[in-house]
Amino acid sequence: MTEASANLMRLVKGRKLEDLSTDWALRMACQHGVLIVAEAANNLPPDLLARYPEIPWKSIINMGHRLRHEYFRVDLDILWDVLVNHLPALDRTARRIIADLSQPALPL
């Protein structure tokens, strides 16, 4: 998840929404990258997701379903919004999850 999100953020840096409309390779790379992030979220245990309620996990997973099954109906405004406004927070939280899971468990 963090690799895909970091690559996506680098990919769109300095770009504009219009670039998704005119650059097919950019659009496909962004759609696929978001799909990877959504699939990674879908494979995380529900109890883990519940510990990070600031992230709209269900929306992320649903976007993955749309990209997988209705890719011909992707709203580029929504995709762009996710890429520039929501992905950075998800990336930070994913890195925090990794750090939290790396901490030794406290004895009972």
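Is Asp91 buried or exposed? Asp91 is buried, because its relative accessible area is 8%, and buried here means under 20%. Keep in mind that this is a predicted model.

**The big picture**
- Along the principal axes, the C-alpha atoms fill a box of roughly 55 × 30 × 20 Å.
- The protein has 108 residues, and 37% of them are buried.
- If you take the contacts with a separation of 6 or more, 73% are between residues 24 or more positions apart.

**Asp91 and helix H1**
- Asp91 sits in helix H6.
- Setting aside residues up to four places away in sequence, Asp91 touches Thr2, Ser5, Ala6 and Met9.
- Three of those names, Thr2, Ser5 and Ala6, turn up again among the buried residues of H1, along with Ala4, Leu8 and Val12.
- The buried residues of H1 pack against H3 and H6.
- Just after H1 comes Gly14, which takes a positive phi of about 80°.

**The nonpolar core**
- As a rule, nonpolar side chains in soluble globular proteins tend to be buried together.
- In this model, the largest nonpolar core has 29 residues.
- Leu20, Cys30, Trp57, Leu79 and Leu83 have the most contacts inside that core.
- Helices H1 (2–12), H3, H4 (46–50), H5 and H6 (76–102) each give two or more residues to the core.
- H6 gives the most, with eight residues.
- Trp57 deserves a look of its own: leaving out neighbours within four places in sequence, Trp57 is in contact with Met1, Ala41, Leu44, Leu49, Tyr52, Leu90, Thr93 and Ile97.

**Where H3 meets H5**
- Helix H3 covers residues 24–42 and helix H5 covers residues 57–69; the two pack at an angle of about 130°, with their axes 8 Å apart.
- That angle makes H3 oblique to H5.
- The crossing of the two helices, H3 and H5, is left-handed.
- On the H3 side, the contact is made by Gln31, Val34, Leu35, Ala38, Glu39, Ala41 and Asn42.
- On the H5 side, it's made by Trp57, Ile60, Ile61, Met63, Gly64, Leu67 and Arg68.
- Sorted by class, the contact between H3 and H5 has nine nonpolar, three polar and two charged residues.

Definitions and conventions: Residues numbered from 1 in each chain as written. Predicted model: local features only at pLDDT ≥ 70, side-chain atom pairs only at ≥ 80, totals over all residues. Heavy atoms only, no water. Axes fitted to C-alpha atoms, helices over the stretch in contact; angles between N-to-C directions. Helix = DSSP H or I, 4+ residues; strand = E, 2+ residues; numbered from the N terminus. Parallel < 35°, antiparallel > 145°, perpendicular 65-115°, else oblique. Left-handed = near helix turned anticlockwise from the far one by under 90°. Contact = heavy atoms within 4.5 Å. Nonpolar A, V, L, I, M, F, W, Y, C, P; charged D, E, K, R; others polar. Core = buried A, V, L, I, M, F, W, Y, C linked by side-chain atoms within 4.5 Å. Buried < 20%, exposed > 50% of the residue type's maximum accessible area, 1.4 Å probe, protein only.
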